[in-house]
Amino acid sequence: MPPTASTPEYPEFAGAIEVVRRRRLRRDWQVAPETRMERHFRLQAVVLDTLKSNSLAWERFQRRNHHRRRQSHVQQLEIQMRQSALMKSSDQGQHG
């Protein structure tokens, strides 16, 4: 099994990693939400540029992304959106 944040490759560093993670979380929550979102969008742009610079990485990202959005999931979202739209239109009809 590959190492993750919860099962690091070097367990002797797990405590130090957790301390750093908590410190970063506290620091990040002290930043205004707008600043956090701005930082998120900048990071996302860098990541996408990096992926797009490597055609194989971009292809794999797209494949994984599309796999996660299976047709069944899309159909469920369409049903939810239709139901939501019907509810809004019926509410407007009753109050209008």
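User: What share of the residues of the protein count as buried, and what makes a residue buried?

Analyst: This is a predicted model. A residue is buried when its relative accessible area is under 20%. Of the 96 residues, 2% count as buried. The protein exposes about 9100 Å², and carbon and sulfur atoms supply 57% of that area.

User: How many helices and strands does the protein have?

Analyst: There are 4 helices and 0 strands. Read along the sequence, the pattern is α-α-α-α.

User: What is the mean pLDDT, and where is confidence lowest and highest?

Analyst: The mean pLDDT of the protein is 84. Of its residues, 84% reach 70 or more. Confidence is lowest in helix H4 (residues 71–95), at a mean of 80. The highest value belongs to H2, at 93.

User: Why is the contact of Glu-18 with Arg-22 called a salt bridge?

Analyst: The rule asks for a side-chain nitrogen of Lys or Arg within 4 Å of a carboxyl oxygen of Asp or Glu. The closest N and O atoms of Glu-18 and Arg-22 are 3.0 Å apart. That is within 4 Å, so the pair is a salt bridge. Both residues lie in helix H1, 4 residues apart, about one turn of the helix. Side chains of opposite charge can pair when their charged atoms come close.

User: Is Glu-18 buried, partly exposed or exposed, and how do you know?

Analyst: Glu-18 has 26% relative accessibility. Buried needs under 20% and exposed needs over 50%. The value falls in between, so Glu-18 is partly exposed.

User: Which salt bridge does Glu-38 form, and what separates the partners along the helix?

Analyst: Glu-38 pairs with Arg-42, with the closest N and O atoms 3.1 Å apart. The limit is 4 Å, so this pair counts too. Glu-38 and Arg-42 are about one helical turn apart because they sit 4 residues apart in helix H2 (residues 33–53). Glu-38 has a relative accessible area of 47%, so it is partly exposed. Arg-42 is at 48%, so it is partly exposed as well.

User: What makes the nonpolar surface patch, and why can Phe-13 belong to a patch?

Analyst: Tyr-10, Phe-13 and Ile-17 make a nonpolar surface patch of about 310 Å². A patch residue needs over 30% relative accessible area. Phe-13 has 45%, so it passes that cut-off. At that value Phe-13 is partly exposed. Phe-13 is found in the segment before helix H1 (14–29).

Methods:
Residues are numbered from 1 along each chain as its sequence is written. Side-chain values use heavy atoms; hydrogens and water are left out. Patches are made of residues with over 30% relative accessible area and no salt bridge: like charges are joined within 9 Å, nonpolar side chains (Val, Leu, Ile, Met, Phe, Trp, Tyr) within 5 Å. Accessible areas come from the Shrake-Rupley method with a 1.4 Å probe; for residues, only the protein chains shown count as cover. Helices (H or I, at least four residues) and strands (E, at least two) are DSSP runs, numbered from the N terminus. Buried means under 20% relative accessible area, exposed over 50%, partly exposed in between (1.4 Å probe, protein chains only). pLDDT is the predictor's confidence in each residue, from 0 to 100.
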